[in-house]
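This report describes the fold of one protein and then some of its charged side chains. Look at the sequence and the structure first.

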Amino acid sequence: MMMTEKEIAFFAERIIDHNGVRNFANAMCEKLDRKRDEGKGGWNDPSQCSIDDLRSMLIEHVDKGDMVDIANFAMMIWNREKQLGAKK
């Protein structure tokens, strides 16, 4: 059975979406690696960095306009909040 043009377009868009996410995730990982090499880290440890600190850093980086930094801070906050939800 042949796919319709609409089905082909749907799968093409899906591939574009998934490739975009993978490319962006790779950029996020590369940035995290560079920052870790510079001695930065500890976002996942509440005794080193609070969620409020992460939120403040996210807001600061929005003004700078670096989308990878923004995404990394959003990822950190999202994961920390998920951890808190799991502990409840």
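## Overall fold

This is a predicted model. The protein has three helices and zero strands, and its pattern along the sequence is α-α-α. The radius of gyration is 18 Å, well over the 12 Å that the globule rule gives for 88 residues, so the protein is more spread out than a compact globule. Its C-alpha trace spans about 60 × 35 × 25 Å along the principal axes.

## Surface and contacts

Of the 88 residues, 19% count as buried. The protein exposes about 7000 Å², and carbon and sulfur atoms supply 58% of this area. Among contacts between residues at least 6 apart in sequence, 61% join residues at least 24 apart.

## Salt bridges

Side chains of opposite charge can pair when their charged atoms come close. A search of the whole structure finds six salt bridges.

One of them joins Asp66 and Lys31, at 2.7 Å from N to O. Asp66 lies in the loop between helix 2 (51–64) and helix 3 (67–87) and Lys31 in helix 1 (residues 5–37), so the pair ties together parts that are 35 residues apart in sequence. Lys31 also meets Asp69 in a salt bridge, at 3.1 Å from N to O. This pair links helix 1, which holds Lys31, to helix 3, which holds Asp69, across 38 residues.

## A pair within helix 1

Arg36 forms a salt bridge with Asp33, with the closest N and O atoms 2.8 Å apart. Both residues lie in helix 1, three residues apart, about one turn of the helix. Arg36 is partly exposed at 49% relative accessibility, and Asp33 is partly exposed at 37%.

How values were computed: Residues numbered from 1 in each chain as written. Predicted model: local features only at pLDDT ≥ 70, side-chain atom pairs only at ≥ 80, totals over all residues. Heavy atoms only, no water. Helix = DSSP H or I, 4+ residues; strand = E, 2+ residues; numbered from the N terminus. Rg over C-alpha atoms; globule rule 2.2 N^0.38 Å. Buried < 20%, exposed > 50% of the residue type's maximum accessible area, 1.4 Å probe, protein only. Contact = heavy atoms within 4.5 Å. Areas by Shrake-Rupley, 256 points an atom, 1.4 Å probe, with all protein chains shown as cover. Salt bridge = Lys/Arg side-chain N within 4 Å of Asp/Glu carboxyl O.
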